Amino acid sequence: MNIEVSVIIPNYNCKPYLAKAISSVVRQKNINCEILVIDDGSTDGSVEWLDNAKKTLSNIRVIKQKNTGVVGVRNKAIAEAKGEYIAFLDADDYWTDDKLFDQISYMKNNSSCVLSFTNYMHVDEEYASIIDCFSYWPEFSKFIDSDHIGYQNLQSPMDLLLFANVIGTSSVVVKKSAINYVGKFDNSLNSASDWDCWLKLARIGDVAFSQQISMGYLMRAGSITANRQNRLNAMKEIISRCKNDIGIKTRLKAQARIFECYGEYYREIGLKFKAFSLTAAAFMLFPHKRNFQHLLHDIKQSIKSP
């Protein structure tokens with residue numbers, strides 16, 4: 001059977017969530033796929049659970065290795081993948097039914113599309129909805145044709161994605177040939193290697209998206225997806241790499257995003273005045289609703305300070 005898409009699931013101690021993630025892949029219809037799980041040295045019984053799952057799922061492959069981190073896992077899985085297309089799904093996320101068929105169909109019919117993604121919902125540990133991604137990024141709304149149903153190409157993807165990374169990794173499908181061409185995920189970055197990869201792909205082909213919420217992103221209590229300082233350093237490095245591909249307006253928006261993130265960091269650690277000054281700088285460079293709300297919050301907190 002010809003494999004159309006390889007679904008890559010990195011796993012590290014996510015046993016409680018594996019059944020929901022994998023069953024959401026199994027429910028995809030009208031698509032020939034393999035499920036490629038790379039276990040990154042789990043110690044929670046995940047490996048035993050996966051070995052049992054293989055007994056009933058003929059299209060699942062499990063690769064076990066010592067812990068190397070998610071970037072190395074994804075790159076290893078890409079090298080092992082047999083499909084023309086690659087879909088990413090984190091072990092604690094899940095898809096809606098028929099997500100893959102619609103996505104792969106669009107990419108097959110639009111050969112210049114190297115990357116596609118969907119809207120997604122943030123959910124809590126009871127799987128109750130919190131907020132969808134596109135609503136969190138109101139600046140993304142002007143890129144959307146609200147009357148369009150299904151997938152559409154993103155206009156000026158570099159300009160948008162550099163200051164508003166609306167792409168959830170577990171919603172992404174890429175052409176295997178394209179992600180190999182750009183060098184996969186950069187292991188030299190301590191954070192945000194996915195964002196860097198999407199920008200590299202946006203340089204060489206079309207990027208498409210759907211407004212449909214086709215993925216659930218689990219917000220686990222106490223989970224930290226990346227060290228904040230590492231992420232901030234990586235953001236600065238990635239923006240620097242793109243400086244020759246964008247205009248001055250996008251550079252200012254990207255710098256505003258850096259200030260906004262530093263403001264969030266200082267707000268979290270209780271440095272109110274630093275948070276205020278950086279949020280104000282972000283608002284001056286790129287005024288929008290979220291920055292304004294943060295600015296009002298920081299002003300109130302500064303007034304309350306002794």
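Student: In which loop is Gly183 found?

Tutor: Gly183 is found in the loop between α7 (176-181) and α8 (193-204). Helices (H or I, at least four residues) and strands (E, at least two) are DSSP runs, numbered from the N terminus. This is a predicted model, in which local features need pLDDT of at least 70 and side-chain atom pairs count only at pLDDT 80 or more, while totals for chains, interfaces and linings use all residues. Residues are numbered from 1 along each chain as its sequence is written, and side-chain values use heavy atoms, with hydrogens and water left out.

Student: Is Gly183 buried or exposed, or partly exposed?

Tutor: The terms rest on relative accessible area: buried means under 20%, exposed over 50%, and partly exposed in between (1.4 Å probe, protein chains only). Gly183 has 42% relative accessibility and therefore counts as partly exposed.

Student: How far apart are Gly183 and Lys200 in sequence and in space?

Tutor: Gly183 and Lys200 are separated by 17 residues in sequence and by 8.9 Å in space, C-alpha to C-alpha. For another pair, Lys66 and His288, the separation is 222 residues in sequence and 45 Å in space, again C-alpha to C-alpha. Lys66 lies in the loop between β3 and α3 and, at 73% relative accessibility, counts as exposed.

Student: Is the crossing of α1 and α2 left-handed or right-handed?

Tutor: A crossing is left-handed if the near helix is turned anticlockwise from the far one by less than a right angle, and right-handed if clockwise. For α1 and α2 the crossing is right-handed.

Student: How many salt bridges does the count come to?

Tutor: Side chains of opposite charge can pair when their charged atoms come close. A salt bridge is a side-chain nitrogen of Lys or Arg within 4 Å of a carboxyl oxygen of Asp or Glu. By this rule there are 17 salt bridges. One of them joins Lys108 to Glu4, with the closest N and O atoms 2.3 Å apart. Lys108 lies in helix α4 (residues 99-109) and Glu4 in the segment before β1 (5-11), so the pair ties together parts that are 104 residues apart in sequence. Lys108 is partly exposed at 42% relative accessibility, whereas Glu4 is buried at 15%.

Student: What parts of the chain does the salt bridge between Arg220 and Asp92 link?

Tutor: The side chains of Arg220 and Asp92 meet in a salt bridge of 3.1 Å, N to O. This pair links distant parts of the chain, 128 residues apart: Arg220 is in the loop between β10 (206-218) and α9 (228-241), and Asp92 is in the loop between β4 (85-88) and β5 (94-95). Arg220 is partly exposed, with a relative accessible area of 26%, and Asp92 counts as buried at 14%. Salt bridges that share partners also join Asp186, Asp196, Lys200, Glu237 and Arg241 into one network.

Student: Which residues form the nonpolar patch on the surface?

Tutor: Patches are made of residues with over 30% relative accessible area and no salt bridge; like charges are joined within 9 Å, and nonpolar side chains (Val, Leu, Ile, Met, Phe, Trp, Tyr) within 5 Å. Accessible areas come from the Shrake-Rupley method with a 1.4 Å probe, and for residues only the protein chains shown count as cover. In this model Phe276, Phe292, Leu296, Ile299 and Ile303 form the nonpolar patch, with about 440 Å² of accessible area together. Helix α12 (residues 289-304) supplies the largest share, four residues. Leu296 has its place in helix α12 and is partly exposed, with a relative accessible area of 38%.
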